[in-house]
Amino acid sequence: MDITGSTTGQLLNAMQNGDVSAVEVTQTYLDEITAHGETVGAFLTVDSEGALAQAAEVDRKRSSGESLGKLAGLPVAVKDNICTKGLATTCASRMLENFVPPYDAHVTTQLQNADAVIIGKANLDEFAMGSSTENSALKVTRNPWNIAHTPGGSSGGSAAAVAARLAPLGIGSDTGGSIRQPASFCGVVGMKPTYGRVSRYGLVAFASSLDQIGPFATDVTGAALLLETLAGHDNRDSTSVDRPVPNYSATVDQPLEGLRVGVVSEFFGDGIDSDVDSSVRAAIDVYRSLGAEVSEVSLPHTKYAVATYYLIACSEASSNLARYDGVHYGRRADQFDNMIDMYAASRAEGFGAEVKRRIMLGVFALSEGYSDQYYLKALKVRRLIRNDFDAAFENVDVLAGPTCPTPAFRIGELVDDPLQMYLSDICTISANLVGIPGMSVPAGFSSNGLPIGLQLLAGPFEEEKLLRAARMFERETDWHTQRPTFS
Amino acid sequence: MLSPEDVQKVATLARLKLSDEELQQIGQQLDGILGYVAVLDEVDVSEIEPMAHVADVTNAFRDDEVRPSLPREESLSNAPKTDGKYFLVPQILENA
């Protein structure tokens with residue numbers, strides 16, 4: 001059996017039928033990591049021993065007739081800003097290089113309860129701040145489709161791991177597009193759920209009103225299955241919402257009758273790559289051919305989204321990252337004059353350039369005399385952006401457009417131009433400001449062989465509709481079955 | 001334009017000990033970013049309420065119950081400096 005060429009559904013079936021054991025599945029992926037892991041650089045930690053023990057436990061439960069969870073025996077790559085008890089969680093930062101969490105994130109526990117196998121911790125931009133994974137202080141991750149290009153970010157390690165078939169499933173976090181954009185760049189399915197759908201307990205905080213954890217998979221069905229495992233109320237995150245979790249994987253194959261698709265004009269603006277433009281328009285034609293009602297929709301405040309986002313995200317980050325004081329955990333400088341100097345020296349040593357830049361912007365935007373002009377202003381524009389989406393969803397079920405204006409950029413291409421890097425998030429950022437679910441689905445390739453993603457967005461808690469709409473497209477196309485060759 | 005003093009003040013507030021080179025570079029980059037975010041000046045928000053949060057949950061109350069917390073050893077396991085009982089920090093009060 002071609003294990004790494006199988007979908008999550010095929011793997012689950014094969015393990016259930018006894019065609020292959022969970023240990024064989026995990027060992028196969030571990031062998032792939034050994035063979036290609038360093039080329040791609042997807043993982044910061046590979047937990048071979050722990051993964052094989054978890055897989056053996058699945059095989060033991062199965063043979064003794066015990067009930068098994070929904071992800072029994074499926075390896076998962078977990079972004080390294082999600083706490084795993086006893087397994088290093090570094091946020092790809094020198095600050096947390098030696099941090100070993102004494103507790104599990106809620107989603108880690110959910111994975112364990114579902115009998116998933118945590119195969120390793122995936123690389124990211126430091127503290128999830130970035131769009132290329134180049135801000136990792138610990139490792140370079142390369143795009144499996146072309147190793148001269150970035151995998152996107154910040155969840156670039158998880159996306160690259162799934163794209164390279166080093167794991168069938170991955171978990172990321174999305175603050176401004178950090179799941180959807182790398183999914184698009186790497187040619188896999190990635191989804192950001194509604195704000196509050198998944199508990200953030202144990203996710204190292206970046207921007208608390210925007211952060212949300214979500215799934216990566218090679219197909220929509222795999223993403224649906226993983227989401228229904230992650231989602232649900234948790235009283236340790238007071239913003240996690242107490243609503244029933246639909247059985248997404250049971251309905252994902254049901255097409256939506258009379259689907260109304262809104263094409264967001266502003267997402268096809270200046271700077272869109274012509275291959276992206278034509279691939280995404282072709283994807284929208286697939287919906288037309290399926291009988292969907294397609295219309296143009298305008299979100300007039302889109303041009304303000306990047307500015308609004310960076311003010312809010314950096315303000316929240318500057319507050320969240322104040323906890324790194326060199327006292328309770330994390331790096332402490334060796335040389336300092338006094339207590340205050342110890343904080344400042346430790347933070348200067350521990351944080352990389354992008355994290356410092358964002359803390360500085362956030363502190364400035366919140367500082368006396370400037371907070372009305374910057375932070376408060378951004379919060380008001382945020383409401384106008386939300387109003388645009390509320391109005392759009394009165395007339396359409398899902399919004400469609402590109403996930404990113406371009407295919408994956410080259411490693412080093414934008415690293416010295418932070419503003420240009422920020423602007424690449426233009427199509428994904430609004431969903432975080434507004435709190436709605438969004439996903440990226442493989443929708444073609446550029447002329448030089450890099451993946452292109454179709455982004456779909458839906459109203460709050462409409463994940464079921466979003467997944468079914470995505471699956472309607474996926475079953476008509478074979479983009480998601482293509483695999484990279486690491487060159 | 002932010003003056004070098006402005007940038008140093010922000011760095012002090014942020015508790016970041018930056019080199020002169022870093023201060024100059026970050027100052028320039030902040031100028032660029034602030035120049036860009038000035039695009040928000042063209043939006044009329046006079047009648048708009050700020051939106052700090054999208055969730056419609058407000059106060060999430062739970063019962064005030066005694067529950068087990070992390071054992072001391074685990075709480076201290078990541079501390080840069082500890083005597084096994086406490087987090088150790090440099091002396092704060094003079095002549096203490």
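**From one lysine to the interface**

Leaving aside its neighbours within four places in sequence, A:Lys61 is in contact (C-beta atoms, placed from the backbone, within 7 Å) with A:Glu66 and A:Leu68. This is a predicted model, in which local features need pLDDT of at least 70 and side-chain atom pairs count only at pLDDT 80 or more, while totals for chains, interfaces and linings use all residues. Residues are numbered from 1 along each chain as its sequence is written, and chains are lettered from A and ligands numbered from 1 in the order in which they are written.

A:Lys61 belongs to helix α3 (residues 48–63) of chain A; helices (H or I, at least four residues) and strands (E, at least two) are DSSP runs, numbered from the N terminus. Is A:Lys61 buried, exposed or partly exposed? A:Lys61 is partly exposed, because 17 other C-beta atoms lie within 10 Å; buried would take 20 or more, and exposed 12 or fewer, with C-beta atoms placed from the backbone. Between the C-alpha atoms of A:Lys61 and A:Ala72, eleven residues apart along the chain, the separation is 9.8 Å.

Now step back to the whole chain. Chain A has 16 helices and eleven strands, and 61% of its 487 residues count as buried. Its C-alpha atoms fill a box of roughly 65 × 50 × 45 Å along the principal axes.

Finally, look at where the chains meet: 41 residues of chain B are in contact with 51 residues of chain A. On the chain B side, α1 (4–13) and α2 (20–37) are the elements that give two or more residues, and α2(B) gives the most, with seven.

How values were computed. Two residues are in contact if their C-beta atoms, placed from the backbone, lie within 7 Å.
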